[in-house]
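Please look at the model first.

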Amino acid sequence: MKKFNIRKVLDGLTAVSSSSSSSAAQTGAAKENDAVPESLQSEHFQLCKTVRHGFPHQPSSMAFDPVQKILAVGTLNGALRLFGRAGVECYCQHESGAAVIQLQFLINEGAVVSALADDSIHLWNLRQKIPAVLHSLKFNRERITYCHLPFQSKWLYIGTERGNIHIVNVESFTLSGYVIMWNKAIELSTKTHPGPVVHISDNPMDEGKLLIGFECGVVVLWDLKSKKADYRYNYDEAIHSVAWHHEGKQFVCSHSDGTLTTWNIRTPAKPAQITTPHGKQPKDGKKPEPCKPILKVEYKTTRAGDPFMVLSGGLSYDTVGRRACLTVMHGKSTAVLEMDFPIVDFLTLCETPYPNDFQEPYAVVVLLERDLIVIDLGQIGYPIFETPYPLSIHESPVTCCEYFADCPAELIPALYSVGTRQKRQGYSKKDWPVSGGNWGQGTQSYPEIIITGHADGSIKFWDASALMLQVLYKLKTAKVFERARGKDEKANTDIVDEDPFAIQTLCWCPESRMLCVAGVSAHVIVYRFSKQEITTADVQLLEVRMQCDPSNLDSPDAAGDQTPTQSSPVLPSPQETEPPATASGQPSAVGNTSSSSADGLRDNMPCLKVRVSPLKQSPGYQVELVVQLVWVSGEPPQQITSLAINSSYGLVVFGNTNGLAVVDYLQKTLLLNLGTSELHSPSEPIQRQPCSPRKARHPSGALCDSSDGPNTAEERCKSPNSGSNSPCNSDDERKAKFIEKVKYKSRRFSKTVANDFARMSRKISSSSEQKPNSDWGTISSRKHFYHTHNGTSKTTRKSVKLAFPPRNSDHNMNSKDNLFSRSRSSSVTSIDRESREAICAFCFCETFPRKLADASPGPCLLVGTTHGAVMLLSLSVPSGDQQRLLQSVEISSSGMVTKLKGGILTLGLLDAAGAALPAPYEAWYDPNASDEEKEKEKSRWRRPASPPSSHDGHDSQFAVLCSEKQAKVLAMPSQTRVYKHSITESSFVLRADVVEMAGVNCIACFCANGHIMMLSLPSLRPLLDVNYLPLTDMRIARTFCFSNLGQALYLTSPTEVQRITYSQDTCDNLQEMLSELFTPVETPEAPNRGFFKGLFGGGAQSLDREDLFGETGSGKASRTLAQHIPGPGNMEGMKGAASGVVGDLARARIALDERGQKLGELEERTAAMMASADSFSKHAHDMMLKYKDKKWYQL
């Protein structure tokens, strides 16, 4: 008898089915392409960086151009940040990534020299909008320690660790043969090496005298012409810095023992003065006690008064724990200015760039580790200037970020008006001194807003229009809660150890100005925007109890007057055992609401305590409602993973690993509290076997992404769709694999064959499991929730009707990629129970809740989970203002719509033409205004037109679904898949958004492997795929976000925001939009030497450095000492200059035209004068002929 082989039958049927289905899919796709034309093409997209905002991360050096008024800051990771006036910023990066140890401007030349820790120097061209390196020089045998470039000189002095000084021509970036060797600079009797060169400067009055400071304390005045040392100054303490008096007769040194030594250049035997600014002076005349090193000193003179001496460090050692200080000594007064962070560097800004003139200092720029401040030296008390740059992004660590482009035009003025009242007072009244550069001539005119959430619970709104960034308004969410005053109180709450108020995620509606915030302590706060100040006596509070599996948990004692609706053997739903959800005007204290279960575990206790005292709320965002998740039988509430708000419906929905909850913030009630598993197939009984408690709970303090669920970040990066790791017996494993294999094959069969295999799978799975208890019946479709209405203490019962589809409904059986109803075998349910499914995406919309041809669209909620399931909830919202406040919103579940690979990231809705269908919203009105103003504002309520209902059974909408692995487009209301695209197989998507580009929608994706992709809608055709940014830090994954009109951003460091664009038009216009750093400015005139100084030689002495350092005077340098590397900026600089001078050429052309016109007029006048001259010559000739032969007496 021939053996029957079912595998061949399966393969044959699969081939036939796949060929027919693929042809049908292609036909359907062709029809859809014909019906929905798509205008976006690949040439519309290009990826490039635009600007970087924020404080330079890990700064290391600083320089200032006193003529161009440009400030440069170098960092430890090789970055170079340039600042001018407000809105003028630029970012550059050295390829090597080595730390920038020093910066030197070519003053008023549009260039800067950077010295790096890898012993290389680079010349940057700042005359183009995107600076580039023109030349580089890499030292091979010596390490660079100090650089000095005299004003209006092209010869750069470079000191090395060996104590030698080399000279570089900055025009050609070649070494000079002139070298100052350390053994010639110091005395011959010195037996030890003087150490590295820590200072180089030329005498302000004599360019031929070079002052060299060695680390050991030796200072040498070197004569460049005679190539020998004139004077040597010795001190027994190490030197950190040296500063000249402008007359060139004295200099000051700062030392490691906290002393300042003042030397006269002609008396090297001993210092003229030794001072210890912060040392205690003994009465017996002994040497004062040593202090901390003075790291830097600057000596600046004034014409009308005493000189300024500014120094950092030098505090006494007994000031333990004292913050870093900057000391300003002016005459007999000494001011000690405390800083919030350690000082990296400081510069004194002066009126003149010439070192041989009175300096006239007016400000001090102080670079701190995490801040940049400028101190006004011209006002009493030394106030600071108000910084115009967005340097406070990192004031508290950024935990989440959202980007909104093309916002309503009135939003920025409204936020700015309420934000101006929050500004600090006491700033200097003078203008910001760093005022160089010009703004770009950009074409972007639409408003852009960036919202950042921070670890301290604050939220900042930023104006990001026109490639600038300015803070508009700051909201402090922590004001709603009581702060822990002691360690005992903090321990009792058992919340996160650090940052309990940190922002986890936020949702903002720009049109209605409604703001919803979720924190790491499992709390949600709803805010309304108002321009009037109010005092809230009681903060509205709603406590919600969400739990995952009630089979492990006993019913709490504080169950209230709950009346069970089922018999005891029937397993209740995950939320039916919860106590009353309180919603009252009086926030419940932690001690009153908390209770303990039978084994003494904490229960019904929120993580934070809402303040009881009246809350004064300034104009801006004001608290509407606070929702807190409570502890359940000793388990803390799970963090909120997704959040959404809709102002038209008055609803807030949030979800976590336990399920979702829908809150009516108008009536302050809880409408729905449902477990995740009940959303899949509500018509079937969910039978759960008893399981052991969870091994280790997810720490409440960890900031995780919205799609992470209970897994850690490392696990998420390894496998975003990891299944169960729980052990099961081998028989069940093989049976489960065979069942899944059969199901996979059966999806390509007809409906009858599929049902046969489904019955076969049920038989196989039921043979090894115990028959479930017959007393376990179906879950009641009536869920009971408890709330307190209108702030009263009376507990009422409110029921929410859940309308479920019939049991025998065919769930998208015709779609080849949809799954069967899941078998409830013990092995499968154990896997489901172990791999926690979290809610990760929401979308309010108006669509079809049923797959019926005659269905009409209505308010709905799309829900996505971390397992790729997409469910649909139908909302019945009462119409009218009064009815909305009196009647409850009814919610019915339509079950699962489809399933994708990976967790759901974004959900959207399109109309039949492919245009986006945004959720309806309510136009903003001031809730604290008068009734007349409210009615006037409410009359302007705008709601998008409801989508047209389907006619003749045709689909009229597209549902856009995107997960970590793939994207799908479904036709609504039939819920059939129209398009499908696999985004990535080896990696997974971190962020996906439906964005608008040139009036057309598309999907923007950022993958963990660094790829940024664009997909067209609705056909999901790939438009862009660029390997841009590998995921090196979870900070990028947490803050990366797309926006409309081709904009995106992410947090590239803890202190900086990087903005990018994926629009070809923006990339083409980027040169015009960027600001200019270099502007033509005349160099100030040199100081007048005076008659007597010129006569007796008391003025500044010039030096012909070309003859001294040139090849003819000093010879050639060693080729092995340094290697010259031409920079990429040579060609790019020419291109940038060519594109940058287009405007200059146009202006020059106009000037030439005007000049030509004037020359034409001059030519006419010249011709007239020539004609007149010819006439005069003719008349003169006639007169000469007339009187030629006559005598004088005949005249």
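Which residue lies over the face of Trp439? Arg85 does, at 5.9 Å from the ring centre. This is a predicted model, where local features need pLDDT of at least 70, side-chain atom pairs count only at pLDDT 80 or more, and totals for chains, interfaces and linings use all residues. Residues are numbered from 1 along each chain as its sequence is written, and side-chain values use heavy atoms, with hydrogens and water left out.

**Charges over rings**
- A charge sits over a ring if NZ of Lys or CZ of Arg is within 6 Å of the ring centre and within 35 degrees of the ring normal.
- Lys296 lies over the face of Phe346, 5.2 Å from the ring centre.

**Aromatic pairs**
- Rings of Phe, Tyr and Trp (its six-membered ring) pair if their centres lie within 6.5 Å; planes under 30 degrees apart are stacked, over 60 edge-to-face, and the rest tilted.
- The count comes to 26 aromatic pairs.
- The Trp155 and Phe1109 rings have centres 5.6 Å apart and planes at 70 degrees, so this pair is edge-to-face.
- Trp155 lies in strand 11 (residues 155-160) and Phe1109 in helix 16 (residues 1105-1109), so the pair ties together parts 954 residues apart in sequence.
- Helices (H or I, at least four residues) and strands (E, at least two) are DSSP runs, numbered from the N terminus.
- Both Trp155 and Phe1109 are buried, meaning under 20% relative accessible area, with exposed over 50% and partly exposed in between (1.4 Å probe, protein chains only).

**A ring cluster**
- Ring pairs join Phe45, Phe1006, Tyr1028, Phe1040, Phe1042, Tyr1050 and Tyr1062 into a cluster.
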